[in-house]
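Welcome! Let's take a friendly walk through a structure together, one feature at a time.

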Amino acid sequence: MNVAPENYVALSAVLFFIGVVGVIARRNPLIMLMSIELLFNAANLALVTYARAWVNNAGHIFAFLVITVAAAEAAIGLAIVAVTFRKEPFVDVDEVSALRG
Amino acid sequence: MIAFWILALLMIASAVFTVTARRPVHSVVGLLVNFIALAATYLTLQAEFLAVMQIVVYSGAILILFVFVIALLSSGVRPFDVGPDRMPRILVPAVVFAVLTLAGITVTALHTPVTVLQTTPTNGTTGDAGAFGSVANFGVALFADNLLAFEVTAFILMVAVIGVVLIAGDEGPGGVVRRRPKRVIKREPILKARPPSPELVEGSG
Amino acid sequence: MTVTALVLGPLVIGLLLYLVPREHGGIARLVAVAVGAISFGLALYDPAAGDASVRWLSRPFAASFHLGFGPVSYWIVVLLALATFGAALAVTGPRSRALAAQLLILQGAMNGVFLAKDLLLFALFWDLMLIPVFLVLVEFAPHGRTAWKYLIYNLAGGLALLLATAAFGYLATTTDVIGKSLPAGTIGSVWGAWIFAGFAFAFLIKTPVFPFHTWMPETYAELPAPMVAVVSAVQSKAGLYGFLIVGLPFLAPEMARAQTLMFALGAIALIYGALASLVERDAKRVVAYSSLSHLGLIVLAVFSGSNLAIAGAVVYIVAHGLFSAVLFLALGAVEQREETRDLARLGGLGARNPKLAGALMLGALAALGLPGLAGFSGEILILTGLYRAGFVWPALVALVAVVLASAYMLRLFQGIMNGPEVPDLPERRDMTWTEALAIAPLVAGFVLLGINPAPLVARAAALAQPAPPALVSVRAVPEDSHAAGAR
Amino acid sequence: MLLYLVWLLPLVGGVGLWAFGPQLKSWAGPIGSALVGVSFIATLFLWRDATAARALDVPLGSWLPGWSFGLLLDRLSLIWTLIITGVGFLIHVYSIGYMDRDRAFARFFAYMNFFVFAMLTLVLSDNVIGLLVGWGLVGLASYFLIGFWFYKPTAVAAARKAFVMNVVGDIGIMFAIFLIVAKLGGIGYGLIFANVGSAFTPHELFLVCLGLFIGCAAKSAQIPLHSWLPDAMEGPTPVSALIHAATMVTAGVYLVARFAPLWSASPDAQELVGAIGALTAIAGAILGCAQWDIKRILAYSTMSQIGYMIMGVGIGAYDAGVFHFLTHAFFKAQLFLGAGIIIHALADEQDVRRMGGLRKQMPFAFAAMLVGVLAISGVPGLSGFFSKDAVVYGALQTGHPWLYAVAVVTAGITAYYMFRLLFVTFFGAYRGAVDPSDLGIRHPELAGTAASPGHHPEEEEPHPHAPGWLMSAPVAILIVPTIAIGWLDFGSNSAWKQFFAGFFPRAADAAGAAPISEAVSTLLVLLAVAIGFAVAYARYGAPAALRGAIARLRTETIRMPGVLVNAYYFDAAFEALLVRPARALGGWFDRTVDPHVIDAGVREAAISAQWLGHLFRSFQTGLVRAYALTLAFGVACIVAYYALAFGGGR
């Protein structure tokens with residue numbers, strides 16, 4: 001480990017930043033989902049970094065769980081997109097507001 | 001050292017491309033590059049099993065799922081975001097928050113350097129059986145120490161599968177789930193109040 | 001084994017009853033009757049059943065799935081089995097499958113509450129027993145808000161109970177304490193007050209005691225008769241039972257400190273319920289308010305700290321369960337025949353329904369404390385104990401309530417059964433044999449208990465034997481110094 | 001054990017007849033009577049055990065240490081048991097004839113047997129709790145029998161009133177029990193009497209006696225708890241004879257006599273009880289002069305006579321009081337049964353204004369009533385003379401001249417209203433056919449003339465007729481003791497005095513303290529009786545009075561003072577002071593406090609929760625990106641916290 005862990009953490013933060021902007025700014029649900037994957041990966045990077053730094057593979061386990069959840073999330077998210085698209089001729093998150101309170 | 005910087009630049013660039021690409025297919029390509037770079041980064045952190053998982057699960061499964069959906073929805077023919085932008089100035093707060101987050105993390109990370117307890121793991125280097133981050137090492141941790149978490153994850157996946165079947169399936173296995181008729185979502189009262197029987201004088205008020 | 005079967009058996013069978021086709025409600029009913037009878041037999045056959053205990057949590061405090069008979073709970077379980085048996089027999093109508101199933105689930109949950117030897121388990125079953133009542137209210141009550149009122153009131157209590165239990169477990173490092181004793185000073189006075197407040201809030205709502213009682217008349221009036229028989233017979237005792245098994249052994253100083261307040265609340269409930277049921281027109285609400293009055297008396301007893309009064313409280317808990325079940329079952333039969341509960345519209349039923357009138361009369365007599373029936377034996381023990389421990393005014397207030405009880409119970413009975421017959425009401429038939437079978441064991445119970453409450457008193461003495469020191473020292477009256485010299 | 005048999009046979013009858021009544025049909029009456037008869041005979045066999053030096057005491061069981069139960073048959077309870085089963089048996093037999101047309105024949109005998117059982121429980125118990133059990137159960141039996149014709153709203157109301165007032169008495173006894181148990185830890189009579197002097201302060205002793213006396217006042221219709229007794233006449237006449245004349249209402253006398261050691265130790269309590277007894281005696285007698293319903297006249301006379309007894313036992317003349325109970329049981333039972341014969345013959349007519357001249361048509365009833373009236377008035381030679389004289393003189397002996405004066409005056413009034421009853425009913429011409437308004441009866445349906453539908457389903461013309469042998473035989477048997485039993489207490493060393501020698505504590509004042517001798521006192525009483533008789537004869541019995549009877553009755557009815565008609569307004573006072581406030585308060589609780597005070601508080605909490613809900617609802621725009629923004633804000637906050645806490649720290 002010849003690069004200081006801070007660098008990895010900073011990289012993770014930058015990736016997280018990009019992901020956040022993507023989720024909020026884009027209106028295409030697919031790209032939003034992909035941005036969410038970016039967020040997950042940023043978090044995973046931080047976890048793995050600290051696992052390596054402290055030689056404790058709990059971080060790995062956690063990252064593994066995050067991957068699992070990400071898979072589940074992607075599956076459900078894509079299913080929702082597919083269903084929505086079946087009803088509407090286009091997919092725009094601003095048009096899908098059935099959850100309005 | 002150099003590998004880290006190259007990978008870092010590659011990841012940032014691919015991430016920006018993913019977020020800004022006009023068409024989803026391009027985004028997918030960007031994301032793929034990002035994931036592969038991340039897997040490589042994991043290797044530099046001696047997380048060889050996770051690196052493999054990253055390739056297999058993310059690149060191999062999730063991204064393919066994205067591609068399938070894009071293909072399914074014929075995104076090449078019709079644009080996706082066509083409606084009026086209901087939150088046109090959302091980018092401003094988004095960037096503000098994101099910058100705040102970034103700054104916060106950076107400041108924290110730089111001002112509190114991670115104390116590296118052990119620069120090299122004792123039980124061998126990457127590639128050895130049983131070394132830190134290897135399959136054996138990971139497996140022991142997963143199935144011995146964190147079995148409950150593993151089980152819970154399995155449960156989450158199962159729920160996800162059922163959820164997908166319910167949401168997307170025309171017909172589930174065995175015809176359990178049927179296509180629902182299009183209907184207006186109507187909120188029914190939870191309790192159907194029957195009219196009080198006239199002879200029941202409540203409280204005789 | 002026995003205790004586990006008593007808890008899990010009804011729960012599982014109740015859930016399985018939903019597999020019975022909806023139109024075969026009769027089968028569901030028969031199963032429920034059988035479960036009630038078997039639980040009764042099981043409890044009588046194996047009164048010395050050992051505990052069942054499985055380790056459950058070790059952090060942040062130790063907790064076990066620990067069930068077992070205790071000095072009070074044994075009799076309550078017997079009572080519950082009898083009440084369930086009678087209630088299941090009284091189940092009728094197109095939706096009897098749901099009712100029978102929920103009755104069994106309720107029985108299982110309440111067995112859990114009373115048999116739990118672990119506080120955390122007690123708290124969990126406490127919340128579980130709300131569910132069947134809530135579901136039945138949702139399905140049967142004519143007013144939707146009754147169900148929610150019931151649920152919200154009791155969940156608020158359940159939440160307080162859970163928080164108090166958690167705090168208790170944190171301080172005592174274990175919740176597996178019921179029936180055991182803790183070293184003195186385990187619960188400090190600062191925390192003790194809060195923990196007691198949490199328990200007391202839950203228990204007072206459940207009992208209920210003024211001013212937390214307003215959910216009760218509505219719930220009792222709108223539940224179907226079989227369900228309300230079980231709820232008023234047993235569920236309302238959960239709070240009092242809680243004071244007996246949690247308050248007395250572990251929070252005695254706090255109980256002593258709260259004594260004045262609780263006496264005030266109990267006495268208000270006593271008079272308030274009595275006066276309200278003196279004017280109420282809905283027959284079931286009359287009984288509901290009378291329960292408020294009777295349970296107020298038990299609150300007085302529990303907080304007096306006198307052995308005699310606590311023994312009386314245990315007798316009265318069981319007695320009230322028996323006669324309130326009889327009253328509600330009989331009122332259910334009346335309502336089924338006349339399709340009204342309005343005392344102003346009822347009357348003269350006794351001429352054609354002598355047996356039903358007899359059943360209602362016996363219930364009313366036990367409720368008004370007729371000497372020779374169980375209501376009296378509990379009452380006299382409680383009142384004597386109160387007076388003996390130096391609480392003269394509560395005892396005198398309770399005496400006033402005794403007079404009022406005779407007035408409102410006779411008003412209820414005479415309003416339904418006596419007077420000229422109301423001509424334009426539908427066909428009348430006397431008690432069917434199922435109704436008689438449902439009521440007879442309960443009546444036998446309170447007659448026997450009225451003649452000789454000694455078995456309960458003996459068990460209750462075991463409960464109060466390690467006399468809670470703080471409570472007794474409040475008024476130092478020698479309890480048994482003269483007892484030996486009787487003739 | 002024979003005593004178990006005595007005690008439980010009537011219970012067996014009560015439960016059995018209630019359960020199997022429909023199957024037994026007309027056998028219910030004979031069976032019920034036979035059980036009580038057997039019980040009576042069994043009691044006679046126990047005479048020797050009961051009068052032995054150590055009375056018969058059978059343990060039954062125990063609830064707690066110190067709370068043990070048993071049956072006690074000593075001289076006092078022996079007298080009561082004999083009366084209950086003996087007179088009870090006669091009244092049972094009489095009822096077979098009286099109730100023959102009632103459709104609830106078996107139920108009647110079930111209740112009667114149950115009453116006998118309850119009364120035996122009361123007198124045989126050897127402890128205060130058992131006494132209270134019996135006390136409550138007789139109240140219940142009385143409730144059942146007053147409300148026997150439960151389709152009559154008046155009967156139902158009367159039954160409830162009787163029961164509730166009796167419960168007031170019950171709680172008095174309960175209060176006494178509290179004190180006893182608090183002091184002694186036990187409930188047995190033996191324990192109590194052994195510790196009267198040592199365990200209680202005089203104040204506590206007075207409280208115990210007061211509690212017991214509240215019970216006594218309620219059960220024995222003493223002022224102010226008397227008003228249920230006249231209403232209780234709604235029940236069938238045999239019930240009035242057995243319960244509301246001969247046995248149950250004298251339970252108060254039993255109670256005071258049973259707790260004689262307590263009373264003797266508490267002079268304050270003696271004064272109180274004696275005064276209330278005398279007050280009740282005279283108040284009841286005055287009300288007896290103002291009534292027209294034959295059973296209500298007898299009811300007020302019962303109240304008055306029990307006042308005598310209570311006065312007697314209250315002031316310490318225990319054996320005199322108990323003796324008056326004994327004679328009263330016979331002559332009052334006889335009066336009621338005689339009245340029952342008339343009522344039965346006249347198809348439930350109870351208003352004496354609509355009778356008259358029955359002497360010729362119903363000579364047997366006349367003879368029975370005449371003997372009874374003579375006895376109750378205290379005519380020399382008949383039983384009432386001896387017992388009343390003993391009580392009256394007892395007041396003087398124990399040093400209560402005022403009570404003595406009241407008692408003598410009451411004797412005169414008693415003679416007046418009883419002979420008034422006799423003259424109005426049996427002399428002159430039959431007035432059954434006279435228009436009620438001519439007699440001053442404004443509401444005939446309120447005067448008890450409406451025939452009850454279930455009792456006499458076949459409407460029949462009232463025609464005076466002779467009773468059947470089932471009804472006349474018990475009355476005939478009762479005539480014997482009514483005349484003769486008084487001689488038991490003749491002379492200063494009579495059989496009666498020997499029977500109770502040493503049983504009761506001696507009164508504090510010696511006999512020599514009386515200012516006048518017993519003979520002078522007797523003459524005074526006789527003078528009062530003679531005046532009473534003379535006035536009654538002049539007003540109702542003389543030939544001149546009989547000629548203008550109709551007009552006279554009319555004026556008298558109209559001019560009757562309201563205070564007497566309304567029985568001194570006791571009922572109205574209870575209604576205004578207790579019942580109405582209680583109902584108003586209850587209504588206020590039920591209809592105002594619950595929904596508008598307590599629930600309103602809860603509702604406010606719910607409304608604030610709703611308001612919070614509306615507030616949060618505005619965040620739910622349905623736009624996914626807005627949610628995402630919110631999340632981002634949250635993340636930024638968390639990160640900012642760590643940055644400030646740890647990042648800037650160094």
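Q: Where do I start, and what is the average pLDDT of chain D?
A: Start with confidence, since this is a predicted model. Chain D has an average pLDDT of 83, and 94% of its residues score at least 70.

Q: Which residues of chain D have a pLDDT that stays under 50?
A: That is the run 444-460 of chain D. The model still has 27 contacts beyond four places in sequence for this run. As a general idea, where pLDDT is low, the predicted coordinates should not be read in detail.

Q: What are the scores for the model as a whole?
A: The ipTM is 0.71 and the pTM is 0.79.

Q: Now let's look at one chain. How many helices and strands does chain B have?
A: Chain B has six helices and zero strands. Following the sequence, you read the pattern α-α-α-α-α-α.

Q: What share of the contacts in chain B links residues 24 or more positions apart?
A: Counting contacts with a separation of 6 or more, the share is 46% in chain B.

Q: How many residues are in the largest nonpolar core, and which have the most contacts inside it?
A: The largest nonpolar core holds 429 residues, and Phe122(C) and Ile416(C) have the most contacts inside it. Helix α15 of chain C, residues 307-338, gives the most to this core, with 22 residues. Apart from it lies another core, of 66 residues, including Val48(A), Phe4(B), Leu142(B) and Leu629(D).

Q: Which residues is Ile416(C) in contact with, leaving aside neighbours within four places in sequence?
A: Among them are Ala283(C), Leu331(C), Val334(C), Leu343(C) and Leu360(C). Gly347(C) and Gly348(C) also belong to that list.

Q: Where is Ser306(C), and is Ser306(C) buried or exposed?
A: Ser306(C) sits in the loop between α14 (283-304) and α15 of chain C. Its relative accessible area is 1%, so Ser306(C) is buried.

Q: What does the side chain of Ser306(C) reach?
A: It reaches the backbone nitrogen of Ala309(C), at 3.1 Å.

Terms used:
Residues numbered from 1 in each chain as written. Chains lettered and ligands numbered in written order. Predicted model: local features only at pLDDT ≥ 70, side-chain atom pairs only at ≥ 80, totals over all residues. Heavy atoms only, no water. Core = buried A, V, L, I, M, F, W, Y, C linked by side-chain atoms within 4.5 Å. Buried < 20%, exposed > 50% of the residue type's maximum accessible area, 1.4 Å probe, protein only. Helix = DSSP H or I, 4+ residues; strand = E, 2+ residues; numbered from the N terminus. Contact = heavy atoms within 4.5 Å. Polar contact = N/O pair within 3.5 Å; in protein donor to acceptor, adjacent residues only side chain to side chain. pLDDT = per-residue confidence, 0-100.
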